[in-house]
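Hello,

Here is the model I promised to pass on.

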Amino acid sequence: MGLSIGQVAERTGLSVHALRFYEKEGILARQVQRGPGGRRVYTQQDIDWLRMCIMLRMSGMPVPEIRRYTELVRQGDGNELQRLDILKEHQERVQQQMVQLQECMDLITYKVGKYEDYVNSIAAKAVGQ
């Protein structure tokens, strides 16, 4: 059974506008089917693909790179090495981001601890007065 654009929006967390954008940008792995009256009809496969694209986008992969990956998938077998290269390059960028984010988290955790210690010491002094 097919799903409407509204149902797909609900299941993926994307807006209807974003779904149309992804379709226009060539990011869907296959052409979205049309039902009576020209309404888009999506499949579970479409949702699975969109979820992967959402994760790639959330992790910082640019839309043109997602489009390139999608084009390779559409072409079928024979370009797996190119797909692997795209994903490995992105994996490396994400790993670098994670290192940087961990450094940020370490600093924030340190500062939170300092402020908690300070606030607690003031509270202890106030109780002791």
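This is a predicted model: local features need pLDDT of at least 70, side-chain atom pairs count only at pLDDT 80 or more; totals for chains, interfaces and linings use all residues.

Residues are numbered from 1 along each chain as its sequence is written, and side-chain values use heavy atoms, with hydrogens and water left out.

Let me start with the helices (DSSP runs of H or I, at least four residues, numbered from the N terminus). H3 covers residues 44–58 and H4 residues 63–75; they pack at an angle of about 145°, and their axes are 10 Å apart. The axes are lines fitted to C-alpha atoms over the stretch in contact, and the angle, on a scale from 0 to 180 degrees, is taken between N-to-C directions. From H3, Trp 49, Met 52, Cys 53, Leu 56 and Arg 57 meet Val 63, Ile 66, Tyr 69, Thr 70 and Val 73 of H4, where contact means heavy atoms within 4.5 Å. Sorted by class, this contact has eight nonpolar residues, one polar and one charged (nonpolar: Ala, Val, Leu, Ile, Met, Phe, Trp, Tyr, Cys and Pro; charged: Asp, Glu, Lys and Arg; polar: the others, Gly among them).

The structure holds two aromatic pairs (rings of Phe, Tyr and Trp, the last by its six-membered ring, with centres within 6.5 Å; stacked means planes under 30 degrees apart, edge-to-face over 60, tilted the rest). One of them is the stacked pair of Trp 49 and Tyr 69, at 6.0 Å centre to centre and 5° between the planes. Since Trp 49 lies in helix H3 and Tyr 69 in helix H4, the pair ties together parts that are 20 residues apart in sequence. Both residues are buried (under 20% relative accessible area; exposed is over 50%, partly exposed in between, with a 1.4 Å probe and protein chains only).

Leaving aside neighbours within four places in sequence, Leu 28 is in contact with residues including Trp 49, Leu 50 and Thr 70. Leu 28 is buried, with a relative accessible area of 5%.

Leu 50 is also touched by Thr 12, along with Ile 47 and Ile 54. Thr 12 belongs to helix H1 (residues 5–12) and is buried at 15% relative accessible area. By contrast, Lys 24 in helix H2 (residues 16–24) counts as exposed, at 65%.

Best wishes

Technical notes: Helices (H or I, at least four residues) and strands (E, at least two) are DSSP runs, numbered from the N terminus.
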